[in-house]
Amino acid sequence: MDHSPGAHYSRRLWAGGEVTFRGGGAGGSAGEDAPRGMLVLDGQPWTCTETIGDVRVKDGSSGSAMAQGQEKIFVDVWRRYALGHPAAQESLPWSIEERRTLVFMNPGEDGDAPTGGTPKLIKYPHEAAHSVRILPSARHLFHFSALTFNAHAIHLDPGYARSVDGHRAPLVHGPLTLALMLRVLTAYSGQLVSRLVYRNHAPLYVDEPLTVKVRPVPARDGRGDGGATWDAWVEGPDGGLAAKGTATMAAGP
């Protein structure tokens with residue numbers, strides 16, 4: 001499916017999204033006889049549908065009026081998955097529902113790479129309960145690109161990343177960041193994720209360390225509910241937020 005609003009909006013960023021898991025949560029079983037928490041790949045067919053949801057236009061300039069060519073177009077892409085789910089039976093519940101919010105921008109009349117400054121440094125205000133430091137290598141990005149059928153050069157080609165999009169190195173995939181948050185959450189909490197809503201704040205680059213951190217949200221924060229709500233976030237090498245998510249954990253058996 002073509003998500004782009006048109007040829008003039010050739011720059012694309014991953015703003016964030018959400019993912020909901022049913023039937024046990026992220027890492028849950030695809031088969032009735034499998035142990036809880038085990039994903040079963042047994043050759044049974046899965047169905048995936050993809051639709052365009054909301055489309056919003058926002059001002060990308062610093063002025064009070066929207067400047068032509070500087071607008072940002074936010075597109076919500078919904079993907080829904082289920083085991084043996086007939087695509088025509090939309091009334092049936094889906095096993096996984098995912099929203100990806102993409103931002104499309106005009107690169108400019110001359111097509112030059114953007115020369116914007118460093119993103120604003122945002123810090124998470126609390127200490128983490130657990131953290132995992134990772135150094136994403138070119139091999140990691142290549143393997144994830146192959147796994148997800150994503151051959152975009154911005155993740156693989158340093159020259160393209162610099163000259164076309166103005167980045168200092170190839171970008172770490174947005175879905176890889178999401179997968180890392182889910183993995184650290186489930187491994188440390190011992191629970192499965194039912195729903196995760198997240199936002200991307202700054203890019204992450206190959207061969208630069210990132211740290212995935214998690215923390216249960218206490219009830220005194222006004223969002224906590226006895227360990228069922230967790231924050232997960234990813235920090236870049238400068239300690240600033242690159243991605244931040246809030247997870248609702250699945251109820252026990």
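**Fold, confidence and selected side-chain contacts of the predicted model**

The structure is a predicted model, in which local features need pLDDT of at least 70 and side-chain atom pairs count only at pLDDT 80 or more, while totals for chains, interfaces and linings use all residues. Residues are numbered from 1 along each chain as its sequence is written, and side-chain values use heavy atoms, with hydrogens and water left out.

The protein chain contains three helices and nine strands, taken as DSSP runs numbered from the N terminus (helices H or I, at least four residues; strands E, at least two). Their order from the N terminus is β-β-β-β-β-α-α-α-β-β-β-β. Of the contacts (heavy atoms within 4.5 Å) between residues at least 6 apart in sequence, 67% join residues at least 24 apart. The accessible surface, from the Shrake-Rupley method with a 1.4 Å probe, comes to about 14,100 Å², and carbon and sulfur atoms contribute 53% of this area.

Confidence is expressed as pLDDT, the predictor's confidence in each residue, from 0 to 100. The mean pLDDT of the protein chain is 82, and 75% of its residues reach 70 or more. Confidence is lowest in strand E2 (residues 46–58), with a mean of 88, and highest in E5, at 97. Over residues 27–38 pLDDT stays under 50, and the model has 27 contacts beyond four places in sequence for this stretch. Residues 109–113 also have pLDDT below 50, with six contacts in the model beyond near neighbours in sequence.

Aromatic pairs were assigned to rings of Phe, Tyr and Trp (its six-membered ring) with centres within 6.5 Å; planes under 30 degrees apart count as stacked, over 60 as edge-to-face and the rest as tilted. The count by this rule is two aromatic pairs. Tyr 124 and Trp 233 are stacked, at 3.7 Å centre to centre with 20° between the planes. This pair links distant parts of the chain, 109 residues apart: Tyr 124 is in the loop between strand E4 (96–105) and strand E5 (130–134), and Trp 233 is in strand E8 (residues 229–235). Tyr 124 counts as buried because its relative accessibility is 12%, and Trp 233 is buried at 0%. Tyr 188 and Trp 230 form an edge-to-face pair, with 6.0 Å between centres and 75° between the planes. Here Tyr 188 belongs to helix H3 (residues 174–189) and Trp 230 to strand E8, 42 residues apart. Tyr 188 is partly exposed, with a relative accessible area of 39%, whereas Trp 230 is buried at 6%.

A charge is taken to sit over a ring if NZ of Lys or CZ of Arg is within 6 Å of the ring centre and within 35 degrees of the ring normal. Lys 58 lies over the face of Phe 74, at 4.8 Å from the ring centre.

His 155 occupies the loop between helix H1 (138–147) and helix H2 (158–163) and is buried, with 11% relative accessibility. The His 155 side chain reaches the backbone oxygen of Leu 171 at 2.8 Å. Beyond residues up to four places away in sequence, His 155 touches Leu 141, Ser 145, Asn 150, Pro 170, Leu 171, Val 172 and His 173. Gly 159, in helix H2, is partly exposed, with a relative accessible area of 31%. The C-alpha atoms of Gly 159 and Pro 170 are 8.5 Å apart in space, and the two residues are 11 apart in sequence.

Technical notes: Buried < 20%, exposed > 50% of the residue type's maximum accessible area, 1.4 Å probe, protein only. Polar contact = N/O pair within 3.5 Å; in protein donor to acceptor, adjacent residues only side chain to side chain.
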